[in-house]
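I opened this model to look up its packing and its aromatic rings. My notes follow in the order I took them.

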Amino acid sequence: MKAVGVRNGKGDADALFIEEGVADPVPTGNRVLIRIKAFGLNRMDIMQREDRYPYPLLPESGNIMGVEFSGIVEEKGPECSDDFQVGDKVFGLAYGGAYAQKITASEKMIMHLPSNLSFEEAAGIPETSFTAIQAIHLVGNLQPGQSVLIHAGASGVGQSAIQIAKVGGASKIFTTAGSDEKCALCRSLGADFAVNYRSGEDFAEVVKRETNGRGVDLIIDLVGRDYFHQNMASAAMDSRMVLVAALSGSKVHDFDLRALLNKRIWLLATTLRTRSADYQGQLRDLFAEKILPHIKTGEVRTTVDKVYPWSQVTDAHKRLESNINAGKIICVVEETWVFRGFVKMNLYDFTVYFLVSMLEIREWKWATQVRESTYNHEYRCVTVNY
Ligand SMILES: NC(=O)c1ccc[n+]([C@@H]2O[C@H](COP(=O)([O-])OP(=O)(O)OC[C@H]3O[C@@H](n4cnc5c(N)ncnc54)[C@H](OP(=O)(O)O)[C@@H]3O)[C@@H](O)[C@H]2O)c1
């Protein structure tokens, strides 16, 4: 198969290339083999690309980047249940290996693709949604009627966290983001107050004013160093702060522990990729119970920022590094289609198929839907390496 590799083992975005002749993964135990349609990009992919991933990678991670994907089940391992069948459309979370044409994943870590979602939309859901549900509920223990402050609200994790907090009954949702457009997006997702930190407005002052000086019950922090003192000022008595990332840096200067003692603040931190398969499976179940039904009704929106063909994975990484994205960046794994056997195709369908496959059409979402419908009409097409 083909997979995205990094020239010389590590480097910048320009070092990414599509490598041929990579060994196909084999589904053992309760793992299923999935032909990947789309994968989501995450910040950890950049660190892995640069060979500076901060945590020890589990053996299951392998060398190929990518922890979330959507695709079609091609084969089942010998210990799989009847939950998934060959041909099912699925999306899921993995420890690595999603920047490829094929992946194996535990059947505990995949879900059926809802009919209202495209492969591109679904591919960007697992990492951010599982992280957000973990931070808000499992670690943050948000209760209905409590208030929450979510930083980097327009990020993938932030957008999920805002919506999960809303569904979870948060009374007031505060958020921060780096532009007025991003703040407007956060409000459209359910935030009551969105502070553009580049405008000079102090989020701690907004929280103080809007909570009558009480502060918020829960802070979901992705920013770290630059916000730490203001976070302490924004926290209510007996509140929790869940550290998910430290985008601005991790060393806080001039920090007095008394700030925690004064308000009995629970300072917590969490990661997802380093968790056991059982723990991640529990998160999948929690997500399927609490959030997926709202995605199916459209109440919770997916957060696709931009879709690239995977041949442009370098551009996709550069966009992620630029911070201009508002939500998930997705790569579609392109396929070259050939016909075999008897093909029944009228001139119109063939013309559509030919245009989609042969011309450089940049509207990939539409292109994928046309390919999907072509496939669904039972034309005998197969994919080949090119
Ligand atoms: N702990 C975990 O298990 C876990 C899981 C998933 C992700 N993460 C981490 O969570 C973070 C967000 O991930 P994501 O995929 O949601 O990211 P994302 O969609 O790429 O968005 C990141 C956003 O953060 C904001 N930002 C960046 N640097 C900032 C700074 N110095 N100060 C304030 N805001 C800053 C930028 O938006 P603005 O324009 O608004 O500044 C940027 O667009 C990453 O660091 C990621 O590694 C952790």
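**Overview**

I began with burial: 53% of the 386 residues in the chain are buried. The model is a predicted one, so I kept in mind that local features need pLDDT of at least 70. I then looked up the secondary structure and found 13 helices and 17 strands.

**Nonpolar cores**

Which residues touch the most other members of the largest nonpolar core? I found V148, I150, I220 and F287, in a core of 48 residues. Helix 3, residues 126-139, gives this core its largest share, six residues. I also checked the domains. Domain 1 (3-125 + 302-331) and domain 2 (129-269) both contribute residues, so the core lies between them.

I set aside residues up to four places away in sequence. I150 then touches I136, G158, A161, I162, A165, I173, F174, T175, T176 and I220. Another core lies apart from the largest one. I counted 33 residues in this other core, including V32, I34, C80 and W310.

**Aromatic pairs**

I turned to the rings. A pair of aromatic rings is described by the distance of the centres and the angle of the planes. How many aromatic pairs are there? The count is six.

I looked at F130 and F287 in detail. Their rings form a tilted pair, 5.4 Å centre to centre, with 55 degrees between the planes. F130 is in helix 3 and F287 in helix 9 (residues 277-290), so this pair ties together parts that are 157 residues apart in sequence. Both residues are buried. F287 had already come up in my notes on the largest nonpolar core, among the residues that touch the most other members.

I went on to F174 and F193. This pair is stacked: the centres are 4.9 Å apart and the planes make 15 degrees. F174 belongs to strand 9 (residues 173-177) and F193 to strand 10 (residues 193-196), so the pair ties together parts that are 19 residues apart in sequence.

Are F174 and F193 buried or partly exposed? I read a relative accessible area of 2% for F174, so F174 is buried. For F193 the value is 21%, so F193 is partly exposed. The cut-off for buried is under 20%.

I also noted a cluster: ring pairs link Y197, F203 and Y227.

**Charges over rings**

I looked up two arginines. R273 lies over the face of Y53, 5.0 Å from the ring centre. R275 has its charged end over the ring of Y279, 4.2 Å from the centre of that ring.

**V195**

My last stop was V195, in strand 10. Its relative accessible area is 4%, so V195 is buried. From V195 to F174 I read 7.9 Å, C-alpha to C-alpha, across 21 residues in sequence.

What does V195 contact, leaving aside its neighbours within four places in sequence? I listed T175, T176, A177, C183, E201, F203 and V206. T175 and T176 are also among the residues that I150 touches. F203 is one of the residues in the ring cluster.

Conventions:
Residues numbered from 1 in each chain as written. Predicted model: local features only at pLDDT ≥ 70, side-chain atom pairs only at ≥ 80, totals over all residues. Heavy atoms only, no water. Core = buried A, V, L, I, M, F, W, Y, C linked by side-chain atoms within 4.5 Å. Buried < 20%, exposed > 50% of the residue type's maximum accessible area, 1.4 Å probe, protein only. Helix = DSSP H or I, 4+ residues; strand = E, 2+ residues; numbered from the N terminus. Domains from an automatic or database assignment. Contact = heavy atoms within 4.5 Å. Phe/Tyr/Trp six-rings, centres within 6.5 Å; stacked < 30°, edge-to-face > 60°. Lys NZ or Arg CZ within 6 Å of the ring centre and 35° of its normal.
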